[in-house]
Amino acid sequence: MSTIRRRPWLFAVAVFAVAGLTAVTIPAMADETEPRAEVAGSYAVFNEPGPEGQRDYAVEQHFIELVEQTPAGEQINGAMFSWTRTETAQALADAQERGVEVRLAVDKEGAGGTTNTDPNNEAIAILKSAGFTQLTWCEGPGTSGDQQTGCIANRGYSINHQKLFSFSATNGMSDVVFNASQNWTNSQNNQFNNALVVHGDPDLYAFFGRHFDNMLQQRKNNNYFNSNDGYYRTADRSVTVYFSPRATANGGNGTEPATDTIALILGYIKQQEGACGLDVAHASFTDARVAVADQLVRLAKLGCEVRVAYGSMGSKVHSKLSAQSGVTLKRYYDNSAGNENPVSIHSKYINFSGTYNGTPDRDIVFTGSHNLTGPALRNHDEVLMKVEIPEATEDYAANFELLWERAACVDPPSGGC
């Protein structure tokens with residue numbers, strides 16, 4: 001059953017976007033103790049596939065709705081990794097045809113290094129023939145046997161892994177950002193995925209516009225996070241954006257806790273006042289991100305209830321988490337009946353409720369394309385957004401409860417169920 005939860009007044013919020021939300025240079029991981037103001041509207045959309053692999057197209061269908069509701073003369077920007085769905089490609093082609101400016105940055109090869117290059121891929125054929133205002137196929141110098149198809153990242157293995165779009169105006173909203181975990185491929189519709197929509201903040205929209213310009217021009221930067229366009233926080237503090245790739249202190253791409261974006265974010269959770277809960281829904285949690293696991297262990301020792309629903313997990317991470325009281329693990333991979341479309345998690349989000357950086361009673365979601373893997377931090381074009389807007393955080397909390405209820409494999413060994 002698909003889930004789209006919205007408040008009736010959200011679309012009116014865009015009308016009174018507060019003037020003066022200017023982009024400012026903020027040091028990475030700056031202090032965030034000031035309370036936020038509710039300015040930008042936000043809501044979430046989820047794929048919730050059926051228990052026997054019934055596909056749910058909610059995220060894709062809502063994206064198509066936004067494209068179809070974009071008037072002539074407006075602009076759509078996008079970045080996508082893997083693409084086989086003709087429905088999304090045709091919707092964008094139709095938008096360009098009716099006078100919308102469409103600019104896309106697409107990974108040259110896609111999943112497995114072959115998805116987007118398959119000569120039988122009809123979606124790619126539609127994109128190539130649509131006459132878009134700009135279409136960039138992300139690629140690197142090709143000096144390695146690894147896939148080098150990032151628009152920003154430029155290492156031995158770098159891909160454009162984002163599933164990110166912006167709309168200047170659509171569906172009664174302005175300055176819209178659509179940040180998803182979902183590729184436009186068939187199998188993604190029988191996996192749990194999510195999309196966060198934020199609107200009504202022109203300066204946040206302009207920040208993403210600069211990012212899309214960087215992508216479309218392929219301005220390579222393996223430490224993009226620490227560039228002027230790699231980090232942004234809205235003036236009302238309701239949204240923060242963290243881009244990858246992020247280099248280690250010496251410019252490399254190894255394991256280094258001091259420059260692990262998500263580990264540092266979790267480091268703001270310190271002494272707790274009252275209840276504390278942290279829920280992790282991630283497709284992949286590898287040993288390259290042991291620093292994140294260490295933070296989860298620390299939070300459990302603080303008294304936070306930590307729940308992790310995942311698709312795959314490294315042995316070191318599993319060992320740390322399974323040994324810690326207060327941490328519960330569930331692997332979600334349901335193919336018990338030999339379903340043609342096994343159900344799994346493809347979302348990448350973290351929900352937190354409690355005292356964050358000294359301020360109690362905060363509900364926060366961190367979501368985007370960023371897996372808990374080494375390449376997501378160091379090698380790939382990725383986006384992570386922190387959102388503290390009740391309408392969005394409530395939706396993610398409800399989605400996690402469904403995931404937790406449906407996850408079939410409880411506290412498994414690292415090898416699987």
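Contact means heavy atoms within 4.5 Å. This is a predicted model, in which local features need pLDDT of at least 70, side-chain atom pairs count only at pLDDT 80 or more, and totals for chains, interfaces and linings use all residues. Residues are numbered from 1 along each chain as its sequence is written, and side-chain values use heavy atoms, with hydrogens and water left out.

**Exercise 1.** Find the residues in contact with Val239, leaving aside its neighbours within four places in sequence.

*Solution.* Start at Val239 and apply the contact cut-off. The list includes Val198, Leu204, Tyr232, Arg233 and Thr234. Further along the chain, Met385, Lys386, Val387 and Ile389 also touch Val239.

**Exercise 2.** Describe the largest nonpolar core.

*Solution.* First, the terms. A nonpolar core is a set of buried Ala, Val, Leu, Ile, Met, Phe, Trp, Tyr and Cys residues joined through side-chain atoms within 4.5 Å. Buried means under 20% relative accessible area, with a 1.4 Å probe and protein chains only. Helices (H or I, at least four residues) and strands (E, at least two) are DSSP runs, numbered from the N terminus.

Next, the core. It has 40 residues. Phe208, Val239, Val241, Phe243 and Met385 have the most contacts inside it. Elements giving two or more residues include strand E12 (239-244), strand E20 (382-387) and helix H10 (390-406). Helix H5 (202-216) gives the largest share, six residues. Apart from this core lies another, of 37 residues, among them Ala291, Cys304, Phe352 and Phe366.

**Exercise 3.** Decide how helix H2 (residues 58-68) and H3 pack.

*Solution.* Take the axes, which are lines fitted to C-alpha atoms over the stretch in contact; angles run from 0 to 180 degrees between N-to-C directions. The angle is about 5 degrees, and the axes are 9 Å apart. Angles under 35 degrees count as roughly parallel. Therefore H2 and H3 are roughly parallel to each other.

Now list the contact. H2 brings Glu60, Phe63, Ile64 and Val67. H3 brings Glu87, Thr88, Ala91, Leu92 and Ala95. By class, six are nonpolar, one is polar and two are charged. Here Ala, Val, Leu, Ile, Met, Phe, Trp, Tyr, Cys and Pro count as nonpolar, Asp, Glu, Lys and Arg as charged, and the others, Gly among them, as polar.

**Exercise 4.** Explain why H2 is largely enclosed by the rest of the structure.

*Solution.* Count the buried residues: eight of the eleven in H2 are buried, so H2 is largely enclosed. Among them are Ala58, His62 and Leu66. The cover includes H3, strand E2 (41-47) and strand E3 (75-80).

Terms used. Angles under 35 degrees count as roughly parallel, over 145 as roughly antiparallel, 65 to 115 as roughly perpendicular and the rest as oblique. Buried means under 20% relative accessible area, exposed over 50%, partly exposed in between (1.4 Å probe, protein chains only).
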